[in-house]
Amino acid sequence: MSKHTNTILHFWHTIVIMAAVGLLLGVVLSLLRPLEYSSTTRLLIIQQLGAVDAYTASRSAERVAEDITNVIYTSTFFQKVITTSNAIDQTYFPSDNLKQRKKWEKTVTTSVTRGTGLLEIRVYHTDVAQAELIARSLASVIVTEGWHYTSGGAIDIQLVDEPLNSRWPVRPNIPMNAFAGAVLGGLAGVGFVLLKAEKIRRRHQLMHE
């Protein structure tokens, strides 16, 4: 067994304490942010290209889906979405254009399944009902007006998954942050005991010289 391993085993209680402190800090820092729920919906985008092979058609649909994801984060698209339903709380978003855009970018995340036109949209909000409203409005605008934001042949956009709401807050991810805090605290503890042991060793060495 190496010298460092012996040191770590000897001071294991110090490492555990620092890991526990890191875990607690991870939880506390997470709770400083508002807890947000999510609502997730999925749409299928099909581009009508006529007689083409399946690979070309899927790649084309993927490109169209990616084009739409980029448009979602624009100011004009944002205005379309939040004015679709009177029930959407517009005061949730700052009036300043720059802050408003940043808030919108944090509220909505998108992903496209590679090789397909399957577009997933996830909306985060402190109120799960508001998250669902925004997700529905987003899907509605894309289905009815998505063709305005693409180039090429005609497209067909279908809602394939109704908004699915999280039962519990998903942001911040408290369990993950707590785990990360515990790991970082444990590593800090290992570094601390090794440095402490090295200082003691050098002190003893100087005393016997």
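1. A definition to start with: two strands count as paired if DSSP finds at least two bridges between them. With that in hand, here are my notes on this predicted model. In strand S3, the bridge partner of Leu44 is Leu118.

2. A word on confidence before going further. The mean pLDDT of the protein is 85, and 90% of its residues reach 70 or more. Among the elements, strand S3 (residues 118-125) has the highest mean pLDDT, at 95, while helix H1 (residues 3-10) has the lowest, at 74.

3. Four strands form an open sheet in the order S2-S3-S1-S4, with antiparallel pairing. Strand S2 (108-112) and strand S4 (155-165) stand at the edges; each has a single partner strand, so one side of each is left without a neighbour in the sheet. From one strand to the next, the twist averages 20 degrees.

4. Strand S1 deserves a look of its own. Strand S1 (residues 37-47) is joined to S3 by 8 bridges, the two running antiparallel. S1 also pairs with S4 in the antiparallel sense, over 8 bridges. Leu44 shows both sides of this: Leu118 is its bridge partner in S3, and Gln158 stands opposite Leu44 in S4.

5. Which residue of S3 stands opposite Arg42? That residue is Glu120. Arg42 also meets Asp161 through their side chains, in a salt bridge of 2.7 Å, N to O. This pair links distant parts of the chain, with Arg42 in strand S1 and Asp161 in strand S4, 119 residues apart. Arg42 counts as partly exposed at 31% relative accessibility, and Asp161 is partly exposed too, at 29%.

6. Glu120 has a salt bridge as well: its side chain meets that of Arg122 at 3.8 Å, N to O. Glu120 is partly exposed, with a relative accessible area of 25%, and Arg122 is partly exposed at 31%. Elsewhere, salt bridges that share partners join Glu62, Glu66 and Arg114 into one network. The structure holds 9 salt bridges.

7. Is Glu36 buried or exposed? Glu36 has a relative accessible area of 9%, and buried means under 20%, so Glu36 is buried. Glu36 forms a salt bridge with Arg171, the closest N and O atoms being 2.8 Å apart. The pair links distant parts of the chain: Glu36 lies in the loop between H2 and S1, Arg171 in the loop between S4 and H7, 135 residues apart.

8. Arg171 has another feature to check on your screen. A cis peptide bond joins Arg171 to Pro172, with omega about -5 degrees. Pro172 sits in the loop between S4 and helix H7 (174-207).

9. On the nonpolar side, Ile17, Val21, Leu24, Leu25, Val28, Leu29 and Leu32 make a surface patch of about 690 Å². One of these, Val21, lies in helix H2 (residues 12-31) and is partly exposed, with a relative accessible area of 44%.

10. Lastly, Phe77 in helix H4 (residues 75-82) is buried, with a relative accessible area of 1%. Phe77 and Phe192 are 115 residues apart in sequence and 52 Å apart in space, C-alpha to C-alpha.

Definitions and conventions. Residues numbered from 1 in each chain as written. Predicted model: local features only at pLDDT ≥ 70, side-chain atom pairs only at ≥ 80, totals over all residues. Heavy atoms only, no water. Patch = residues over 30% accessible without salt bridge, like charges linked within 9 Å, V, L, I, M, F, W, Y side chains within 5 Å. Areas by Shrake-Rupley, 256 points an atom, 1.4 Å probe, with all protein chains shown as cover. Salt bridge = Lys/Arg side-chain N within 4 Å of Asp/Glu carboxyl O. Buried < 20%, exposed > 50% of the residue type's maximum accessible area, 1.4 Å probe, protein only. pLDDT = per-residue confidence, 0-100. Axes fitted to C-alpha atoms, helices over the stretch in contact; angles between N-to-C directions.
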